[in-house]
Amino acid sequence: MIYVTAYSNKDGLQKNLTLEQLSTLDWNWYWVDFESPTDEEVKLLDSYFHFHPLAIEDCLHELQRPKLDYYDDHTFFVLHSVNREELEREEIDIFLGECAIVTFHKEPAPSLDIAERLLKRSKDMSKVDEYFILYQILDKVVDNYFPIVYEIEDHINEIESNTKNLSMERLLDELFDRRSELLTLRQTVHPMRDLLYRVLNTHHLEGVRDRREYFADIHDHLIKVADIIASNREMTQDIRDSYLSLNSHQTNRTMQILTVISVIFMPLTFIVGVYGMNFQHMPELNTQYGYLVVWIIMIGVSIGMFTWFKRKGWFD
Amino acid sequence: MIYVTAYSNKDGLQKNLTLEQLSTLDWNWYWVDFESPTDEEVKLLDSYFHFHPLAIEDCLHELQRPKLDYYDDHTFFVLHSVNREELEREEIDIFLGECAIVTFHKEPAPSLDIAERLLKRSKDMSKVDEYFILYQILDKVVDNYFPIVYEIEDHINEIESNTKNLSMERLLDELFDRRSELLTLRQTVHPMRDLLYRVLNTHHLEGVRDRREYFADIHDHLIKVADIIASNREMTQDIRDSYLSLNSHQTNRTMQILTVISVIFMPLTFIVGVYGMNFQHMPELNTQYGYLVVWIIMIGVSIGMFTWFKRKGWFD
Amino acid sequence: MIYVTAYSNKDGLQKNLTLEQLSTLDWNWYWVDFESPTDEEVKLLDSYFHFHPLAIEDCLHELQRPKLDYYDDHTFFVLHSVNREELEREEIDIFLGECAIVTFHKEPAPSLDIAERLLKRSKDMSKVDEYFILYQILDKVVDNYFPIVYEIEDHINEIESNTKNLSMERLLDELFDRRSELLTLRQTVHPMRDLLYRVLNTHHLEGVRDRREYFADIHDHLIKVADIIASNREMTQDIRDSYLSLNSHQTNRTMQILTVISVIFMPLTFIVGVYGMNFQHMPELNTQYGYLVVWIIMIGVSIGMFTWFKRKGWFD
Amino acid sequence: MIYVTAYSNKDGLQKNLTLEQLSTLDWNWYWVDFESPTDEEVKLLDSYFHFHPLAIEDCLHELQRPKLDYYDDHTFFVLHSVNREELEREEIDIFLGECAIVTFHKEPAPSLDIAERLLKRSKDMSKVDEYFILYQILDKVVDNYFPIVYEIEDHINEIESNTKNLSMERLLDELFDRRSELLTLRQTVHPMRDLLYRVLNTHHLEGVRDRREYFADIHDHLIKVADIIASNREMTQDIRDSYLSLNSHQTNRTMQILTVISVIFMPLTFIVGVYGMNFQHMPELNTQYGYLVVWIIMIGVSIGMFTWFKRKGWFD
Amino acid sequence: MIYVTAYSNKDGLQKNLTLEQLSTLDWNWYWVDFESPTDEEVKLLDSYFHFHPLAIEDCLHELQRPKLDYYDDHTFFVLHSVNREELEREEIDIFLGECAIVTFHKEPAPSLDIAERLLKRSKDMSKVDEYFILYQILDKVVDNYFPIVYEIEDHINEIESNTKNLSMERLLDELFDRRSELLTLRQTVHPMRDLLYRVLNTHHLEGVRDRREYFADIHDHLIKVADIIASNREMTQDIRDSYLSLNSHQTNRTMQILTVISVIFMPLTFIVGVYGMNFQHMPELNTQYGYLVVWIIMIGVSIGMFTWFKRKGWFD
Ligand SMILES: [Mg+2]
Ligand SMILES: [Mg+2]
Ligand SMILES: [Mg+2]
Ligand SMILES: [Mg+2]
Ligand SMILES: [Mg+2]
Ligand SMILES: [Mg+2]
Ligand SMILES: [Mg+2]
Ligand SMILES: [Mg+2]
Ligand SMILES: [Mg+2]
Ligand SMILES: [Mg+2]
Ligand SMILES: [Mg+2]
Ligand SMILES: [Mg+2]
Ligand SMILES: [Mg+2]
Ligand SMILES: [Mg+2]
Ligand SMILES: [Mg+2]
Ligand SMILES: [Mg+2]
Ligand SMILES: [Mg+2]
Ligand SMILES: [Mg+2]
Ligand SMILES: [Mg+2]
Ligand SMILES: [Mg+2]
Ligand SMILES: [Mg+2]
Ligand SMILES: [Mg+2]
Ligand SMILES: [Mg+2]
Ligand SMILES: [Mg+2]
Ligand SMILES: [Mg+2]
Ligand SMILES: [Mg+2]
Ligand SMILES: [Mg+2]
Ligand SMILES: [Mg+2]
Ligand SMILES: [Mg+2]
Ligand SMILES: [Mg+2]
Ligand SMILES: [Mg+2]
């Protein structure tokens, strides 16, 4: 579907126009939104708007990096919004021409819906133009990163305190998945941050200069998201390393217990085995105090072993 | 609450004014401090002071990164002080206008109290202006980082030498918590350092140029804190890695002891088991020297095993 | 073999010329392709084209890094295409002169074949010149990296989910091989990316300036490939670290089971061994309830041990 | 103590002057050295020399980072020398004014003593001025880093080859301490290197420009020390990682031996236990070849197990 | 020994001159090579050539970093060649004056010998000057790094595939030694690369500008060597980490086998021990089917244990 919105000083904001109507109107600016366009509609990018073939190719092809390209009479943006449920990147393409903005997206884009609603509610239309719409879209796309990253952060804190009392296997698996998500998210956030930096420092976009503080605010938010992602990846690394250290320590303790027990009982078991043998000629068996002597020997061996381990510090 | 302080050459320093009084006064400079302001008071940022809506939004919303924004007739700072007890970041917002400084904070801010006390005690009021107050606040906020980071450093040194004789589990957990704290602190210190760098190198803040050495001193302190944090994180990594290596070594030693004992006693226990069987026809049992021969065999096996391990270097 | 293609306004596109024909023609531009050239043909680089000896040396010698050198009357490129089957780098050398492009490669180069086919099919020959051919070759070489890197990414995802149910040894070995491949690929992609950056920002290549967006598109692709490689190397690191943590945990669990079993049965086995001894004078053996008492003791010992481990949390 | 040295063309080099004498003299340049000054003497920094209060504060307070500050009529240096015995940083502060140098240090500073001795021995006093003294001090402070870092390097090489035949615990502990020392040293060397870089590239210090090659030489040395420190930290990391790998391998080997022994003898011990039972009705016990059959079974089981492990490659 | 070579348009290339002859000649350029000079000869650097004392000091003292210093009338280079057998750095110092080059080295330097031979064989002496000789020396020194780094790379590949079938201890030790060598080599290559970068970008060396492509070629080679070193260090890290993971996995498998065996046989051995006791009153011993029941119990226990482990997935 193609949604056409235009504004003229004379007629005010007009929605749901057709492209034909747009051609005949005397507008101040217009916004055309391609939402999940048909093949027919896609062709209009070339035939009606005459956008650069490379930009159109980037629209149609599989997920690009967020990017910013300057063509002769328009600027082309590829933005990545992140789908909150599936953490999947969804592309929003923007062609910014003089007094015109064209957006293109294959999936429904909530950020655009919000921007549209804000546009309708705007009271002072004198401040609204194509750069205002661009700002609104960028702002909404970036705002949407925060709940996602905060959710991951909460998950990590949950893993750290293990409030759900999960098994270690589950915890480690969850940790790995959170790291994976952070990695995926970073692949969106870093190029978006670099894109905003270029938006702020280019001389191609005059409309940005007049609203510099607004676009700088978005850049700030992207830096913050990138910071949180980096911190959380370090945090997960710390949790895993700590777990590894702790586990290594516990294995060592367990080994020591096992060794102490084995070292004490193995000789004893051997001794009692000796006198369980059925040889006819075993002189010790017939002595009066043989049994007593064996007990004394065994207790002596045990105490000796115990003292040895004590001195090695295994019971500290 | 709103605290208004103003200075005029005529009347000197005046405290606890109202905003109405301020409007009528002929002051040299003034300082308005919003401490845990009511919703009513918050509205004054817009209605009385006419600050930029983006700056006001940053004041009201959840924790921003430390930042520095230039608006047409004022500069906006977001500072992060760190609460010493809970290591929590607390935001202090500053609007710096011509001959005017407005501070805004939702929690009590000890740094501001100290700055205020210094102001009262100032003898030479000719040197005091809004930049002097800005310097004092920045200086106190940054000074406050040092005891926190030194405390963490002391904790880490304690962990390294383990003076409290804690169990390994506790030590590892403490180490992890210290790393977490350093990470949190770094998230405050790095953006503050970058902010001071911008304060020093911007052309927007004339008052800084006249006191460059003072603001550079704060920047130096921030670099030092960042250095200490980085070193201490490396130190904790080193402690943990060392512990892991040591543990791995001890596990190996324990394993060797267990193996030596098992390898020596298992065959012996098997041999005595053989002659503990109750078969009617076991010719060895009835021989004169059977028992002696078995002992000789067992001693031989033991010595053999022992020599084998000796040669493998397990007793070195 | 040497393939000569030339274009003149008069005669149009002419293929399979000889170098002699080329000398006599009045062409707009020409393309000479050295494919697995004989030693005789190699000498033409010097004798016919008079290229710089350092550039010719780079052609002939073993694999260089991708590079870009400016000589007085020509520019020299070393590109690396990657052979998809064996992941081996193959060198394509390009001499770009005024209205002339000479390509040189020792193995068959599919990227050049595709570029040639595109050239033949070009309808508007006015837009075709030596820079167009350069762009086509670079584009095809870089496009070819994507299926390779995606294949590796798919492999890694397969390893992570282990759909083929491989043994752990195989998985770890596969992971190592994927990391190796990514390392090898990175050695091609990073210098190629830097080369494209220089192509975009040099003042030596006028023809690039007119098609800046096309060459920038290739640069974008190289940045994307580099990003994917970096992410995937981090991903493999994560998988390995997770596996290590998990394994360490399982070893610990196994150790605990072994220890519990040993600690419970070793004393019991010792006790029954004691009363299996054949001493004539063992008073316990003749008492009425001796056997019962031993059972009670053994059950008591078992329950005690069990409770001890329970309290240590080994059954949680 | 305060040591005053001054030079005038008329009187030559004069030592052990008082500050009063200095006031009345017509000197070319002078050097005042505050060594472990009393509180009285400290006050002279302000009252006699009128240095900037921030610089004086840096003198008196606890260890600063090495730093370089420009004030209106003097430049302030904080240097860190390293005490060779205890690897402790000691601060040397320098105020460099026009034709005047003032040094300040709380502990005895051998570097200054050497610089002083060189001054006395100088034959051509025309080349000596305050920058010459600054150079000598910097040079001696930096020269002093080398024996320290070389000593650590020797220690690490000793640890690697373990010539003293120390226990593994000791080796790991030593390695950790060396890493700690390198970390501490780096905290001195990096800021000193950055300071020298600024000394070389500032326009504030004219006297440096005339002796650029001399100060550049110090900078070179600092880069070299920083290089050695970085390499040695990597080296210790390598040693520890190698040790960890080796240990993990040995634990695995030991485990395999233990497992082989247990797996062979446990079933055998069980079998002989079975025929050690005292049931009245155990038909096997009364057969003619029971004992022989049991031996055959046990030998069969042993060989089976042995073959199984052999095929698993545990004896390779 | 000092070798003097000079060239004049009149007399052509003259070898084995003395310094006295050099003074009287009217040469175009000369090359003086100090090879393992005596103390007498060393003094000529100052007395005959009047080089800067700092440069002479760098010649004489222990191994410097590769460096480049500009003095008033000469440029000073410290190069590091690497001895192929012992991987030891050897210093080659070069003083480049106007129409003069002086080389200084304490050990025989094969790179210089090759450069000399090339000089003799040069046909077109009009292109030969001091910069040509400098280029030849740099080129030969850098060319010599390649076989060394390739040898290390081959070693690492051998370790990875373990074609020599070495024990794990040997492999790990070899890996560690290769990493050490790469570290040492990097300490030579990185400063050499930075030196060449400065050579290319300085305005002090006019002769380089005319042969820029030649010196750029050396710089390219140094970047390539640095790349290979970095890749190979990552590769060794990968090999070691993989080995660690694999070992951890094998230890776990071995532990599981041991645990399964112990858990199955320990209770059985206890049971047969019970009925090996010699109590007079053990009612089970006298029953008709006691022995059979015990066997049934033992088989039941074994199957139960086996099923339990099966369900835990230890036999997958
Ligand atoms: Mg998972
Ligand atoms: Mg995942
Ligand atoms: Mg990406
Ligand atoms: Mg942030
Ligand atoms: Mg955060
Ligand atoms: Mg904790
Ligand atoms: Mg925590
Ligand atoms: Mg955090
Ligand atoms: Mg942050
Ligand atoms: Mg510091
Ligand atoms: Mg420190
Ligand atoms: Mg480490
Ligand atoms: Mg492999
Ligand atoms: Mg491989
Ligand atoms: Mg390689
Ligand atoms: Mg390379
Ligand atoms: Mg990308
Ligand atoms: Mg990826
Ligand atoms: Mg990607
Ligand atoms: Mg220690
Ligand atoms: Mg320390
Ligand atoms: Mg520091
Ligand atoms: Mg060095
Ligand atoms: Mg070194
Ligand atoms: Mg070294
Ligand atoms: Mg070695
Ligand atoms: Mg070594
Ligand atoms: Mg070095
Ligand atoms: Mg390379
Ligand atoms: Mg390579
Ligand atoms: Mg690791």
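Guide: Two strands count as a pair if DSSP finds at least two bridges between them, while helices (H or I, at least four residues) and strands (E, at least two) are DSSP runs numbered from the N terminus. This is a predicted model in which local features need pLDDT of at least 70, side-chain atom pairs count only at pLDDT 80 or more, and totals for chains, interfaces and linings use all residues; side-chain values use heavy atoms, with hydrogens and water left out. Residues are numbered from 1 along each chain as its sequence is written, and chains are lettered from A and ligands numbered from 1 in the order in which they are written.

Visitor: Which are the edge strands of the sheet in chain E?

Guide: Seven strands of chain E form an open sheet of mixed pairing, in the order β2-β1-β3-β7-β6-β5-β4. An edge strand pairs on one side only, and in chain E this holds for β2 (12-17) and β4 (67-70).

Visitor: Which residue in β7(E) stands opposite E:Phe95?

Guide: In chain E, strands β6 (residues 89-97) and β7 (residues 100-105) pair in the antiparallel sense over five bridges. Within β7(E), the residue that stands opposite E:Phe95 is E:Val102.

Visitor: What angle does helix α5 of chain E make with the direction of β6(E)?

Guide: Contact here means heavy atoms within 4.5 Å. Helix α5 (residues 130-143) of chain E packs on the sheet, where it touches β3 (29-35), β5 (74-82), β6 and β7. The angle between the direction of α5 and that of β6(E) is about 165°.

Visitor: Where does helix α7 of chain E lie?

Guide: Helix α7 of chain E covers residues 168-201 and runs at about 150° to β5(E). Its position on the sheet is across β4, β5 and β6 of chain E.

Visitor: Which residue in β7(C) is the bridge partner of C:Asp33?

Guide: Strands β3 (residues 29-35) and β7 (residues 100-105) of chain C run parallel and are joined by six bridges. The partner of C:Asp33 in β7(C) is C:Thr103.

Visitor: How much area do chain B and chain A bury between them?

Guide: Buried area is the accessible area (1.4 Å probe) that two parts lose on being put together, summed over both. The contact takes 54 residues from chain B and 49 residues from chain A. Carbon and sulfur atoms carry 61% of the buried area, which comes to about 4,600 Å².

Visitor: Which residues of chain B lose the most area to chain A?

Guide: Three residues together make up 16% of what the chain B side buries. These are B:Arg65, B:Phe176 and B:Tyr291.

Visitor: How many salt bridges are there between chain B and chain A?

Guide: A salt bridge is a side-chain nitrogen of Lys or Arg within 4 Å of a carboxyl oxygen of Asp or Glu. One of these joins B:Arg233 to A:Asp238, with the closest N and O atoms 3.8 Å apart. The count between chain B and chain A is nine.

Visitor: How much area is buried between chain B and chain D?

Guide: In this contact, 48 residues of chain B meet 53 residues of chain D. Carbon and sulfur atoms give 61% of the buried area, which is about 4,500 Å².

Visitor: Which residue of chain B meets D:Arg233 in a salt bridge?

Guide: Nine salt bridges are found across the interface of chain B and chain D. In one of them, at 2.7 Å from N to O, the side chain of D:Arg233 meets that of B:Glu234.

Visitor: Which element gives the largest share of the side of chain B that touches chain D?

Guide: Elements that each supply at least two residues to this side are α6 (145-161), α9 and α10 of chain B. The largest share, 34 residues, comes from α9(B).

Visitor: How far apart are the closest C-alpha atoms of chain A and chain D?

Guide: No contact joins chain A and chain D. Their closest C-alpha atoms are separated by 9 Å.

Conventions. Axes fitted to C-alpha atoms, helices over the stretch in contact; angles between N-to-C directions.
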